[in-house]
Structure formats: C-alpha cells, structure tokens
Amino acid sequence: MGIVINQSIKNTIITYIGFAIGAANTLFMYPHFLGEEFYGLTSYLLSSANVLFPLMAFGVHNTLIKFFSEYKSKEEKKQFLGFVLALPLLIILPVFIISILGYDSIASFLSRKNAIVYDYVWQIPLIALCMGYFEIFYAWVKVHLQSVYGNFLKEIGLRILISIFLIGVNYQVINVEQFITATMFAYLISMLLMFFYANKVQPISFAFKIPKNSKAILVYSSFIILSGSVANMLLDIDKTMLNQYIEIKNLSYYSVAIFIATVIAVPSRSMHQITYPITAKLMIENKYDELNDLYKKTSITLQIVGGLVLVGILVNINQLYTLLPKNYSGGVLVVFLIGISKYFDLILGNNNAIIFNSKYYKVVLVLGLLLAFFAITLNAILIPIYYINGAAIATLISITLYSIAKLLFVVIQMKLFPFTLKNIYALLISLGCFLLFYFWDFPFHAIINIGLKSILLSGLYVLLIYKAQLSEEINDVISKFINKIGLN
C-alpha cells in the first residue's frame, strides 16, 4: 500500500485544491458572472458530453489498464497502444457523420423545452471526444504508475482555464456565448497536454498492428463501452433529463448542489487513480488474498476520509447556502440525497476496479443496463413532480441499487468482502459527529461559522478515528504528521 498511500495523498491534495478552485467557479463566478440560464446551459453541455464520452473512447481507457500487464516487451506494449488508440475511430466517425447529417433533428429534439440549447448541441460530441482521448492518454501513464500529473491537469489545470474564461466574461473581454465555446477549447487543451506528457513518460507509437489477443480486446472494449456509459449515465443522466422537462435555469441550482455533494467522492477518485492498475495486476497474477486485503483497506480508508467530508458538508450546508443567491437555496435537500448516495458508493472501496478487471464483467453489465433504464424511468416520473429534488431522489435510488448489485456480485461470485466491524465503528463516529454539530451554529458571519465548526469537527473526528485504530494507513499518516510538528 506504500505507493498507493503516497500517490493517493498527492492526488487527494491536488483534487481538493482543484475542488477549491471549482468551488470558486461553481459557488461564485458561475452564478454571478454567467447568470442562471447560461450556467444551466454549460452544465447541460458538459453533462451530456460526460454521458457520451465512454462511447467515444470505445472503453479503451479501461482496456489499456486491463491488458497492459499481459505484454512483456516494450515493442509489444507499443503495438498494443497503437491498436487501442485506433479503436475509438470505429465509433467516432459514425457519430460525427450522424451528427452532421442529422444536426437539425437532433438539436431540435434536445432544445424543445429550452431553445437556447439548439445552437450549442454541436459542441457535445467534440467535448466528449476530448474527454475520451484525455482518459486514454491518462490510462497510459497510470499503467506506468504515474497518476499525479494527469490528476493535476484534470482537477486543477482545467478549472484554472475555466476560471480565466469566467473572469474574462466578468471584465467583458469575452461574452457569455463565447465562454461556452472557450470551455470546449479548455477540454481540447487539456487533452493535448495529457498527450504530450504521456508521450514523455513512455513514447507513444502510432504504428498500427493487430495484436494476437485482438478478439479479447475488442470484446472487452465493447462491453466496457456499455459499462462505462451506464456508470456515467447514472451520474449525469439527471442533468441531461432536467433540460427536457424544466427551464434550464433550474439546472444551475441543481449543479451547485451536485458539486457540493460530489466533494465527498474526491478521496475515491484520488485513490482509484493508483489502485485500479494495481487491482488489475493482482487479478492477472491470481493473488486473491492480497486483493481481498486491498479491498478491505480501500473500503475503510475511503469510508473514514469520505465520512469526515460528508459530515463536514452537512453540518455546514445551511450556512453555506446563505452565501449564494437566494434562488439557489432549494438545493439543500439535493445535497443530502446525493451526498448519502456518494458515501455509500465510497465505502465499496475498489469494487469497480475488481469487476471491470474480472471475467464476470459481462454479467454486471446486464445489471447496469437494467438500472440505467430504471434511472431514466425514475427521472421521467419524478422530475415533472418534484423538479430538481425529483432528479436527486431518482439518482439516490439508482446509484444505491447499482452499488448494492455490484457489491453482492463481488461477494457472492468472487468471495471477496470489503467490510469488517471497523466499518460499523466508522459509521457510528460519523453519525455521532453529525448529531453533535448539525443543530447549532456560532453567532458569527457564515464563513467564520463554517471555519470554526469545521476545525472543531475535524479535530474531534480525527481524534476518535485515531484512538479507535480503524485504519493502519490513516493512523500512520496521522502519527507522521504529529511527529513532524513536534507533538509526539
């Protein structure tokens, strides 16, 4: 776990810095500089692209990680990379042909509720393309256990570019319409920078040669396209469908709430950058005892860190919303609902990595497709009745059922189990801290109040976790920090 903890800590720091920049964008600059309508439009375009990008990437970013360890020589690895880089063209070319020939029909359908969407639909596949190839080049450096730079680009670099464009809107260097297009170019720049770094880590060969196990690669990629699409659909279909039923300005309120709740998933995103290739390697080598140990360690570690973030958000949420325009206050319930769903997904540890690198991934795909259909149906029923809260309820139910299905499959089929009594203790500590801090506030300005409560909460939470000795890795980090500042 040494390299996991080392790079996970770096990735977590980077990701939280990125989220701090994202918070400035989401909670201040987007609402005040763009306005509700164009903020909603930006959210819709990016969410739709995120739903589409696994298709554009042809699942190659997962395929590359799964099969990389099977190749021993540098030449074989280069040939493998050249092959998988070409695979997305099988999807990209038809998608762009259909998009060009059928643009009017597609754009008219997507803009039937909000006319402003019509002129920007063309950007969705282009952003998805950039997202897809970014993840492919990022996967190339992950398999070489170099995940930090890509995470920096994704979490900090991209957000800084968007911050610059938002400031440009505020000072009238560009207008809001130009900002939408500039955002698309931000994703293009990120993709190119990721390509140059990936090539530096290990030169990328574009020589096309079909590897011996090409059939296995194609079958796996085809299924992973659908699996990735299902996962992204469960995450972003709510935003995409909100555009079809209610005014697009409501999407800006929902996006703020989603952003706040998504902070909970940061530890998971950071750790998975490095645990994914390690999981793939352990499975290829049939080291299932080590894999089960990793499964348990990632579960309790993510639960502890994610629990602190979740409780920190929930006990401060009412004060946080006093800093936003009044119209945004309807998103408080959304934060609770989505936050709980993220927390449950978090405690499953490296569950996804285990499934996607196992021989059973096809079966889980069927479950995912059923739940994606369920999510679409729930959103279609609940959004017209409860608006953004309806989308949040649909997302909570869908993600929870999907997580339970994946957990049960790994437990029953693969005899791997992530939980111990330590998970229950961690849950009780989180619940106790929430009950202790939620129902009161300091009589100060919201920012001071949030800061003071967060310091007190963090101190108590970390002390309880440390004394309970729930995670050896976390205790080691705390002990090193204590020794470093001379409190031992």
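Which helices each supply at least two residues of the lining of the second largest cavity? The views below are of a predicted model, in which local features need pLDDT of at least 70, side-chain atom pairs count only at pLDDT 80 or more, and totals for chains, interfaces and linings use all residues. Residues are numbered from 1 along each chain as its sequence is written, and side-chain values use heavy atoms, with hydrogens and water left out.

**View 1. Lining of the second largest cavity.** Helix H2 (36-57), H7 and helix H9 (176-201) each supply at least two lining residues; helices are DSSP runs (H or I, at least four residues) numbered from the N terminus. H2 gives the largest share, three residues. Thr42, Leu45, Leu46, Gln123, Ile127, Ile180 and Thr183 form the lining, divided into four nonpolar, three polar and no charged. The space in this cavity is about 30 Å³. A cavity is a set of points on a 1 Å grid over the protein atoms alone where a 1.4 Å probe fits but cannot get out, and lining residues have an atom within 4 Å of a point.

**View 2. Helices H4 and H7.** The axes of H4 (residues 74-86) and H7 (residues 123-142) come within 12 Å and cross at roughly 170°. H4 is therefore roughly antiparallel to H7 (angles over 145 degrees). Lys77, Leu81 and Leu85 in H4 meet Tyr133, Ile136, Phe137 and Trp140 in H7 (contact: heavy atoms within 4.5 Å).

**View 3. Asn25 in helix H1.** Asn25 lies in H1 (residues 2-34) and is buried, at 3% relative accessible area (buried: under 20%, 1.4 Å probe, protein chains only). Leaving aside neighbours within four places in sequence, Asn25 contacts Tyr30, Pro31, Arg159, Ile162, Ser163 and Leu166.

How values were computed: Axes are lines fitted to C-alpha atoms, for helices over the stretch in contact, and angles run from 0 to 180 degrees between N-to-C directions. Angles under 35 degrees count as roughly parallel, over 145 as roughly antiparallel, 65 to 115 as roughly perpendicular and the rest as oblique. Buried means under 20% relative accessible area, exposed over 50%, partly exposed in between (1.4 Å probe, protein chains only). On a 1 Å grid over the protein atoms alone, a cavity is a set of points where a 1.4 Å probe fits but cannot get out, and a pocket is an open set with protein on both sides within 12 Å along at least five of seven lines; lining residues have an atom within 4 Å of a point. Grid points are joined across faces, edges and corners, and a volume is the space filled by probe spheres set on the points. Ala, Val, Leu, Ile, Met, Phe, Trp, Tyr, Cys and Pro count as nonpolar, Asp, Glu, Lys and Arg as charged, and the others, Gly among them, as polar.
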